[in-house]
Amino acid sequence: MMLRDQIIEKTTELFVHNGVKSMRMDDIASELGISKRTIYEQFSDRESLIEACARHFFEMKNAHHEQRVAEAHDIIEAFILLLEDWDEMMKTDMNFMKDLSRFYPAIHKKIHEENHRRGRERLKSSLQQAVDEGLFKPGLNLDFTVVALMASISTVFAKPSVYEEVKVSMLDAFKYITILFFRGISTQKGIRLIDNTYGKYFSKELFSDTDQHDPGVNRVGI
């Protein structure tokens with residue numbers, strides 16, 4: 001591994017676990033066992049190092065996303081597996097991005113916009129795959145569906161206190177909104193698959209009332 005890549009990889013770990021602001025360049029150099037001058041030979045300034053680390057952080061997340069998708073038997077299970085990862089992501093990604101947003105807003109804005117755009121493209125592709133497999137309803141306006149889903153999810157992070165009032169954690173609120181959204185655009189085949197799949201991964205209590213008024217849906221696994 002090249003020296004620049006080693007610096008990025010180790011510094012990213014330090015930023016995620018200790019905070020971006022708290023890690024001085026002297027601290028980073030000490031942890032890496034190199035001089036601060038060596039770091040500046042690879043990066044023009046602290047901001048360029050931080051931006052490189054932010055990109056590396058999301059490259060790792062995207063690689064993990066692809067791995068989870070590859071592990072799934074179908075696109076809905078892929079979504080479920082990704083939802084499983086949100087517990088850890090909420091503890092690391094959110095803190096890291098909040099740090100960037102607070103202390104390095106320009107870098108945060110650039111990285112956030114890039115990943116938002118990439119996420120929209122990836123989600124649209126996944127939705128199309130589910131339509132092709134007969135799991136989601138044909139004729140969906142995929143661009144609108146992507147925007148609507150992402151807007152629904154954003155409310156979980158924008159106003160977490162709303163869910164705390166009804167004693168639902170932010171993580172469970174995210175899972176619940178996502179599953180309900182997917183069920184709403186699913187065919188009967190997709191609904192049965194969702195119910196069977198999320199029944200294996202999530203608590204029965206969280207989704208226990210989802211179909212209590214819909215006798216036509218098979219609620220296997222709940």
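Contact is defined here as heavy atoms within 4.5 Å. On this basis, residues 24 or more positions apart account for 64% of those contacts in the protein that have a separation of 6 or more. The structure is a predicted model, in which local features need pLDDT of at least 70 and side-chain atom pairs count only at pLDDT 80 or more, whereas totals for chains, interfaces and linings use all residues. Residues are numbered from 1 along each chain as its sequence is written, and side-chain values use heavy atoms, with hydrogens and water left out.

The protein contains twelve helices and zero strands, where helices (H or I, at least four residues) and strands (E, at least two) are DSSP runs numbered from the N terminus. Along the sequence, the elements follow the pattern α-α-α-α-α-α-α-α-α-α-α-α. Of the 222 residues in the protein, 42% are buried; the term buried denotes under 20% relative accessible area, exposed over 50%, and partly exposed the range in between (1.4 Å probe, protein chains only).

The buried positions are I75, I76, E77, A78, F79, I80, L81, L82 and L83. At the start of α5, the backbone nitrogen of I76 lies within 3.1 Å of a side-chain oxygen of D74.

Two packed helices are described by the angle between their axes and the distance between the axes. Axes are lines fitted to C-alpha atoms, for helices over the stretch in contact, and angles run from 0 to 180 degrees between N-to-C directions. The axes of α5 and helix α4 (residues 46-71) come within 8 Å and cross at roughly 135°. The two helices are therefore oblique to each other; angles under 35 degrees count as roughly parallel, over 145 as roughly antiparallel, 65 to 115 as roughly perpendicular and the rest as oblique. The crossing of α4 and α5 is right-handed, a crossing being left-handed if the near helix is turned anticlockwise from the far one by less than a right angle, and right-handed if clockwise. H65, R68, V69 and E71 of α4 meet A78, L81, L82 and E84 of α5. This contact comprises four nonpolar, one polar and three charged residues, with Ala, Val, Leu, Ile, Met, Phe, Trp, Tyr, Cys and Pro counted as nonpolar, Asp, Glu, Lys and Arg as charged, and the others, Gly among them, as polar.

Helix α8 (residues 142-158) and helix α10 (residues 170-184) pack at an angle of about 160°, with their axes 9 Å apart. These helices are therefore roughly antiparallel to each other, and α8 passes α10 in a right-handed crossing. On the α8 side, T145, A148, L149, S152, I153, T155, V156 and F157 take part, meeting M170, A173, F174, I177, T178, F181 and F182 of α10. By class, the contact of α8 with α10 has eleven nonpolar, four polar and no charged residues.

Within α8, T145 counts as buried at 6% relative accessibility. The side chain of T145 reaches the backbone oxygen of N141 at 2.8 Å, where a polar contact is a pair of N or O atoms within 3.5 Å (within protein, one must be able to donate a hydrogen and the other to accept it, and residues adjacent in sequence count only if both atoms are side-chain atoms). Neighbours within four places in sequence being left aside, T145 is in contact with L127, L140, F181 and I185. In α10, L171 is also buried, with a relative accessible area of 14%. L171 and E84 are 87 residues apart in sequence, and their C-alpha atoms are 9.7 Å apart in space.

A further packing pair is formed by helix α1 (residues 3-18) and helix α2 (residues 25-32), whose axes come within 10 Å and cross at roughly 115°. The crossing of α1 and α2 is right-handed. Q6, I7, K10, T11, L14 and F15 of α1 meet I28, E31 and L32 of α2, and the residues of this contact divide into five nonpolar, two polar and two charged.

Y104 lies in the loop between α6 (86-103) and α7 (105-132). Residues up to four places away in sequence not being counted, Y104 touches V20, R46, E47, I50 and D99. The C-alpha atoms of Y104 and I50 are separated by 8.8 Å, the two residues being 54 residues apart along the chain.
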